[in-house]
Amino acid sequence: RLMIGPTANVVNLLQTRMRKMKPDVQDLLQYAACLGASFSRPNLQLVWKEEQQIPSGDRLSVAEFVKIAKQENLIESSGESEYRWVHDKVQEAALYLSDMVNDVFRFDIGITLLHGLASKEVE
């Protein structure tokens, strides 16, 4: 993705900071970014649980991720178990943190949400 000017600098600085975080935090940042400008803890837990093949004891929990991301001022609370990115450039930086996020990745998240959420929640 080609970015120019100050916007590129902001995104690059954020990505440099994010790449210093643990791999699980980086992965969860990308999952959360795919969920949109705001996301719920249950939805993030759903895609994290379904998409990971690692036993849950060996990886970061969504609750731990939320705590870290809030401490790092990447996300903020927007309701009970609801979060939003502090700025759209933070979400953009997380979304393009690695080559992991592509059409197949997004499709898999969509299918997981479609099958894991009640029909009311999908609408």
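**Figure 1. Helices α2 and α5 cross at roughly 120° in this predicted model.** Their axes come within 8 Å. Axes are lines fitted to C-alpha atoms, for helices over the stretch in contact, and angles run from 0 to 180 degrees between N-to-C directions. Angles under 35 degrees count as roughly parallel, over 145 as roughly antiparallel, 65 to 115 as roughly perpendicular and the rest as oblique. From α2, the contact uses Leu29, Gln30, Ala33 and Cys34. From α5, Gln91, Ala94 and Leu95 take part. Contact means heavy atoms within 4.5 Å. By class, five of these residues are nonpolar, two are polar and none is charged. Ala, Val, Leu, Ile, Met, Phe, Trp, Tyr, Cys and Pro count as nonpolar, Asp, Glu, Lys and Arg as charged, and the others, Gly among them, as polar.

The model is predicted: local features need pLDDT of at least 70, side-chain atom pairs count only at pLDDT 80 or more, and totals for chains, interfaces and linings use all residues. Residues are numbered from 1 along each chain as its sequence is written, and side-chain values use heavy atoms, with hydrogens and water left out.

**Figure 2. Helix α5 is largely enclosed by the rest of the structure, because seven of its eight residues are buried.** The buried residues are Lys89, Val90, Gln91, Glu92, Ala93, Ala94 and Leu95. Buried means under 20% relative accessible area, exposed over 50%, and partly exposed in between (1.4 Å probe, protein chains only).

**Figure 3. Helices α2 and α4 pack at an angle of about 90°.** Their axes lie 10 Å apart. This angle makes α2 roughly perpendicular to α4. Val25, Leu28, Leu29 and Ala32 of α2 meet Val62, Phe65 and Ile68 of α4. This contact has seven nonpolar residues, no polar ones and no charged ones.

**Figure 4. The largest nonpolar core has 35 residues.** Such a core is a set of buried Ala, Val, Leu, Ile, Met, Phe, Trp, Tyr and Cys residues joined through side-chain atoms within 4.5 Å. Met18, Leu29, Phe39, Leu44, Phe65 and Trp85 have the most contacts inside it. Elements giving two or more residues include α1 (6-18), α3 (41-51), β3 (82-85) and α6 (103-116). Helix α2 supplies the largest share, seven residues.

**Figure 5. Met18 and Gln26 touch each other.** Residues up to four places away in sequence are not counted here. Met18 also touches Leu29, Leu74, Val90, Ala93, Ala94 and Leu97. Gln26 sits in helix α2. Gln26 counts as buried, at 17% relative accessibility. With the same exclusion by sequence, Gln26 touches Met18, Arg19, Met21 and Leu97.

**Figure 6. Asn73 and Ser81 each have a positive phi without being glycine.** Phi of Asn73 is near 60°. Asn73 lies in the loop between α4 and β2 (75-79). At 56% relative accessibility, Asn73 counts as exposed. Ser81 has a phi of about 60°. The loop between β2 and β3 holds Ser81. Ser81 is partly exposed, with a relative accessible area of 30%.

**Figure 7. The protein chain has seven helices and three strands.** Helices (H or I, at least four residues) and strands (E, at least two) are DSSP runs, numbered from the N terminus. From that end, the order is α-α-β-α-α-β-β-α-α-α. Of the 123 residues in the chain, 39% are buried.
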